[in-house]
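Dear colleague,

I am passing the structure below on to you, together with some notes on what turned up when I went through it. Please read them with the model open beside you.

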Amino acid sequence: MTNKERRDAQMAYITDKELLEEQKICRIKLQKLNFADRSDFDGIRKMVKDLLGKSENAFINPPFYCDYGKNIEVGKHLFVNYNCTILDVAKVIIGDNCLMAPNVSIYTAGHPIHPFSRNSLYEYGKEITIGDNVWLGGNTVICPGVHIGDNVVIGAGSVVTKDIPDWSFAAGNPCRVIRKITDADKRKLFHDEEIDQEAWENINQKP
């Protein structure tokens, strides 16, 4: 097997010349994105669409960093805030209507724990999936192989090492489920503060 085939099969592989060429293509696109006019919102959207393997109306606030770009598949209306890093050695699949606060890091990449194996330059990538309507708080880290369900909120500063089920608010290091998100949370804004009446009426008018 080639190292590319091994990488895509989520097996141990070495980053060889073929894979470095793929990364080179990505870095050219990132250079363009990260030095773009920050007020050119339409232009940034076009660059993001060209960078990612799949997207629909995705927006990323530069700077943004990834290894390949084409291994990141996102649904509708992704918003990524400043200074996000996605190591997409393996697939990163993100659902619709997802939000990422500043400094989110998503790592599919890993290395053997023992130095004898690690010093061989073999590494691996394990797929990460994130469901629909997920909000990742600032400085969240998602570790290799993690699957996050639909309608999940991850608190700021969390390190997610295990799967998180649907409709959960989870936080901490390591990240754990704090409680379920329910209909009682519909009108909540910040802690126990509720959304004001005018905004609430506008929300309820939306299809």
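Where is Ser 158 found? In this model, which is a predicted one, Ser 158 lies in the loop between strand E16 (153-154) and strand E17 (159-160). Its relative accessibility is 0%, and because buried means under 20% relative accessible area, Ser 158 counts as buried.

The surroundings of Ser 158 may interest you as well. Leaving aside residues up to four places away in sequence, Ser 158 touches Asn 139, Thr 140, Val 141, Ala 170, Ala 171, Gly 172 and Cys 175. The side chain of Ser 158 reaches the backbone oxygen of Gly 155 at 2.7 Å, and that side chain also reaches the backbone nitrogen of Gly 172 at 3.0 Å. As for Glu 193, which is 35 residues apart from Ser 158 along the chain, the C-alpha atoms of these two residues are separated by 23 Å.

The other part I looked at is helix H3, which spans residues 41-51. The buried residues of this helix are Gly 43, Ile 44, Met 47, Val 48 and Leu 51; they cover an arc of only 140° around the axis, and therefore sit on the same side of H3. These buried residues pack against helix H2 (17-34), strand E2 (59-60) and strand E3 (64-66), whereas on the other side of H3 the residues Asp 42, Lys 46 and Lys 49 are exposed.

Key
Residues are numbered from 1 along each chain as its sequence is written. This is a predicted model: local features need pLDDT of at least 70, side-chain atom pairs count only at pLDDT 80 or more; totals for chains, interfaces and linings use all residues. Side-chain values use heavy atoms; hydrogens and water are left out. Buried means under 20% relative accessible area, exposed over 50%, partly exposed in between (1.4 Å probe, protein chains only). Helices (H or I, at least four residues) and strands (E, at least two) are DSSP runs, numbered from the N terminus. The arc is that of the directions from the helix axis to the C-beta atoms. Contact means heavy atoms within 4.5 Å. A polar contact is a pair of N or O atoms within 3.5 Å; within protein, one must be able to donate a hydrogen and the other to accept it, and residues adjacent in sequence count only if both atoms are side-chain atoms.
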